[in-house]
Amino acid sequence: MATFFHVNGLKGMKRQLAAGLRTGGSGSPVRAMLRQWGTRYARQVRSDFDRNSKGGGDWQRLRPSTVRGRRKGGARRGGVTRVRGKRQRRSAILVDTGLLKAGLRRGQPGNLFRDVPRGIRVGFTENRHPGGKSYAQIADYHHRGAGRLPRRRIFRKPDSTTAQGMKRDARGALRRMMRENAS
């Protein structure tokens, strides 16, 4: 009696992997995994942006002159309002008109979520912001710091929770490919 092992299943997995890494590989477990990675990462970026804009992260606070000039709160009130008798700032960091923050949401103007060969691209588009510059340019100025703008990093490495989720997604894609190619 003998057992025979063959690599036909591995060849099928290799074909699925190659198809999923092409941009037209819809329906592939690999392409689905990459899209899920993009969704996970975009969620982390939005969460980090919210925390940092409210002063809970490592972004430098707004200058008083910036707060005074804000559309919300305005120069007349110095960007401060009263809520239940307490003074509260109405100016969040990098949130004036809300367009840049909205650009972090899929489907919103300025948002980029695109299949690319061997991956997924998440970020801001080159579409023009109402101020004249592109969303990507404005985000880049703030991310790197430019001129008098302090550096406020928007995109960072995935945190441990996001990375763990990505690993689970990869294991799930591998299991699906193994099931689909089992002989």
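In this predicted model, Arg 51 and Asp 48 form a salt bridge, with the closest N and O atoms 3.3 Å apart. Both residues lie in helix H2. They are three residues apart, about one turn of the helix. Arg 51 is partly exposed, at 42% relative accessible area. Asp 48 has a relative accessible area of 10% and is therefore buried, the limit being under 20%.

The count of salt bridges comes to eight. Another of them joins Arg 31 to Asp 115, with 3.2 Å between the closest N and O atoms. This pair links distant parts of the chain. Arg 31 sits in helix H2 (residues 29-53), Asp 115 in strand E3 (residues 111-116), and 84 residues separate them. Arg 31 is buried, at 0% relative accessibility. Asp 115 is partly exposed, at 22%.

In helix H6, Asp 140 and Arg 144 lie four residues apart, about one turn of the helix. Their side chains meet in a salt bridge of 2.6 Å, N to O. Asp 140 is partly exposed, at 32%, whereas Arg 144 is exposed, at 60%. Elsewhere, salt bridges that share partners join Arg 31, Arg 35 and Asp 115 into one network.

Arg 151 lies in the loop between helix H6 (135-144) and H7. With a relative accessible area of 52%, Arg 151 is exposed. Its contacts include Arg 144 and His 143. Arg 151 and Asp 58 are 93 residues apart in sequence, but 9.8 Å apart in space, C-alpha to C-alpha.

Lys 167, Arg 168, Arg 171, Arg 175 and Arg 179 form a positive surface patch. Of these, Arg 175 is found in helix H7 (residues 160-180). Arg 175 is partly exposed, at 47% relative accessibility.

How values were computed. Residues numbered from 1 in each chain as written. Predicted model: local features only at pLDDT ≥ 70, side-chain atom pairs only at ≥ 80, totals over all residues. Heavy atoms only, no water. Patch = residues over 30% accessible without salt bridge, like charges linked within 9 Å, V, L, I, M, F, W, Y side chains within 5 Å. Areas by Shrake-Rupley, 256 points an atom, 1.4 Å probe, with all protein chains shown as cover. Salt bridge = Lys/Arg side-chain N within 4 Å of Asp/Glu carboxyl O. Lys, Arg positive; Asp, Glu negative; His and termini not counted. Charge placed at Lys NZ, Arg CZ, Asp CG, Glu CD. Helix = DSSP H or I, 4+ residues; strand = E, 2+ residues; numbered from the N terminus. Buried < 20%, exposed > 50% of the residue type's maximum accessible area, 1.4 Å probe, protein only. Contact = heavy atoms within 4.5 Å. Lists of a residue's contacts leave out its neighbours within four places in sequence.
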